[in-house]
Amino acid sequence: MNPVEFPWLTAIIALPLVAALAIPIIPDKEGQTVRWYGLGVAIADFALMIYAFWQNYDFHSSAYQFVEKYAWLPQIGLNWSVAVDGLSMPLILLTGLINTLAIFAAWKVTNKPRLFYGLMLAMYSAQLGVFVAQDLLLFFLMWEIELVPVYLLISIWGGAKRRYAATKFILYTAAASIFILVAGFALAFSGDTFTFDIASLGMKEYPKAVELLAYAGFLIAFGVKLPIFPLHTWLPDAHGEASAPGSMILAGVLLKMGGYALIRFNMEMLPNAHVYFAPVLAILGVVNIIYGACCAFAQTNLKRRLAYSSIAHMGFVLIGLASYTELGVSGAMLQMVSHGLIAASLFFLTGVTYERTHTLLMDKMGGIGKVMPKTFALYTAGAMASLALPGMSGFVGELMVFLGIASSDVYSSSFKVVVVLLSAVGVILTPIYLLSMLRKVFYGDQSEELHLDTVVADVKPRELFITACLILPIIGIGLYPKMVTQTYDVKTVEVATHARQVLPVVGGQQPKSLYSQIFTAPTLASAEVESLVNISK
């Protein structure tokens with residue numbers, strides 16, 4: 001068989017799921033065999049996707065690649081349709097890396113190990129399915145399947161309030177998923193043809209009301225997962241109660257599913273509605289940044305502080321998507337990849353610290369840097385990346401978003417100044433709450449309530465390896481961003497260009513309103529407008 005014709009994506013998705021189904025029959029009494037089995041499967045799947053993309057993926061093409069389409073339930077229009085492009089490929093690799101390291105981080109799980117590793121592998125498979133699905137109904141199924149393992153991982157292996165956090169997570173995300181289904185059916189039934197194919201849906205022409213309502217429905221559904229204020233309240237509770245491996249996946253992968261879907265569905269599929277919602281996204285992004293930073297500073301729980309930090313960082317993704325510039329959209333993608341690595345490293349190191357101190361309250365720690373110097377150094381590196389220190393990936397992503405919105409020609413100067421200045425306030429607040437976190441946890445006198453073993457307290461080789469696998473790419477991307485941006489640049493240019501094509505048409509039709517003061521379509525010659533209209537059709 002020709003390597004290009006091999007069903008790479010089906011194999012990548014199926015491997016963790018099939019392996020998870022085989023776990024109950026594996027002979028194992030103490031969980032050691034299952035532990036090695038789960039890690040081996042995760043490594044094999046990650047290696048398989050690296051090999052497939054390295055050998056067969058064309059970085060210079062914006063078209064879908066590795067296309068596979070099989071009729072599954074033709075009676076309802078459901079097809080097994082999967083493919084990758086520049087939007088999904090880097091996030092698939094991120095998913096593979098984070099999940100593999102999360103399984104390795106769960107090395108000490110002794111409570112129901114078969115169920116734990118089975119759920120981890122099943123969740124891994126569903127997350128990959130979300131990023132490659134090219135059938136809207138298939139996307140919805142993968143989106144829903146992923147919720148169940150997360151709910152169980154929090155409710156069984158979480159903290160003292162794990163059931164409350166897990167219930168809140170499932171209620172928020174499951175209720176929001178209804179909007180995906182409703183909006184998807186509205187688009188599928190619109191027009192003369194019925195289809196769930198995402199590419200075909202993107203080429204349809206919808207009535208204005210249908211497109212706006214579908215956009216709003218998708219925004220709510222994906223806004224919960226990103227998360228966008230005020231749909232964010234499940235996240236601090238979920239992070240606060242989830243185990244370290246669960247938090248790594250929550251921050252490293254699940255939030256990125258929301259950002260990816262906003263680009264794929266809202267911006268790429270519904271560009272006409274994006275004209276009306278883009279200023280709203282920019283405003284919500286600013287709110288996320290300032291609100292998340294202020295709330296993070298008020299937290300005394302280490303994981304909740306990092307959770308609110310994630311909310312703030314996801315605000316840059318919204319601003320990048322609202323910018324209508326190639327640089328802004330590219331910065332949003334880089335911010336997602338960067339934050340996935342940074343957040344995973346910080347939540348893992350928080351788990352390492354919790355194992356030694358048995359507390360997440362920063363006021364009860366203090367001074368542990370003396371007995372955990374390696375952990376302190378690694379935690380400091382992660383915090384520096386999170387506060388966007390030059391030379392690390394966080395700086396590049398945020399800078400690209402800032403330059404993207406500042407150079408946008410679709411907003412008035414006053415609106416851009418307000419967005420940039422308010423976002424900069426959030427950037428200033430970030431080092432304040434992160435550096436104060438380091439001071440409370442690692443500096444000062446050691447709390448009398450802590451009884452650390454000075455011999456074994458510091459980071460161990462396994463933990464050092466996991467952290468290094470996250471910190472090294474953070475530094476590498478910071479020093480040479482092209483190692484990531486080249487994987488999606490062609491696609492983000494296409495997405496931004498496609499979105500801008502409707503601006504002269506839709507923007508010119510907008511009534512005098514609040515948007516007319518902050519949102520201005522570029523002035524084009526009539527001949528150029530006509531050509532763009534023909535292209536968009």
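How many of the 32 residues of helix 14 are buried? In this predicted model, the count is 28 of the 32, so helix 14 is largely enclosed by the rest of the structure. Buried here means that under 20% of a residue's relative accessible area is left.

Let's stay with helix 14 for a moment, which runs over 326-357. At 1.5 Å a residue, its 32 residues should span 46 Å, and because its end C-alpha atoms are 46 Å apart, the two values agree.

With six residues, helix 14 gives the most to the lining of the second largest pocket. Other helices that each supply at least two residues to this lining include helix 6 (147-157), helix 11 (244-269) and helix 18 (461-479). The space in this pocket comes to about 790 Å³. Its lining is made up of 36 residues, and if you want to find the centre, look for Trp157, Ala242, Ser243, Ala244 and Tyr354, which lie nearest to it. Sorted by class, the lining has 18 nonpolar residues, along with nine polar and nine charged ones.

Now for the nonpolar core. The largest one has 184 residues, and those touching the most other members are Phe139, Phe218, Phe222, Phe265, Leu270 and Tyr379. Setting aside neighbours within four places in sequence, Phe265 is in contact with Leu136, Phe139, Ile198, Phe218, Phe222 and Leu270.

How values were computed: Residues are numbered from 1 along each chain as its sequence is written. This is a predicted model: local features need pLDDT of at least 70, side-chain atom pairs count only at pLDDT 80 or more; totals for chains, interfaces and linings use all residues. Side-chain values use heavy atoms; hydrogens and water are left out. On a 1 Å grid over the protein atoms alone, a cavity is a set of points where a 1.4 Å probe fits but cannot get out, and a pocket is an open set with protein on both sides within 12 Å along at least five of seven lines; lining residues have an atom within 4 Å of a point. Grid points are joined across faces, edges and corners, and a volume is the space filled by probe spheres set on the points. Helices (H or I, at least four residues) and strands (E, at least two) are DSSP runs, numbered from the N terminus. Ala, Val, Leu, Ile, Met, Phe, Trp, Tyr, Cys and Pro count as nonpolar, Asp, Glu, Lys and Arg as charged, and the others, Gly among them, as polar. The expected span of a helix is 1.5 Å times one less than its number of residues. Buried means under 20% relative accessible area, exposed over 50%, partly exposed in between (1.4 Å probe, protein chains only). A nonpolar core is a set of buried Ala, Val, Leu, Ile, Met, Phe, Trp, Tyr and Cys residues joined through side-chain atoms within 4.5 Å. Contact means heavy atoms within 4.5 Å.
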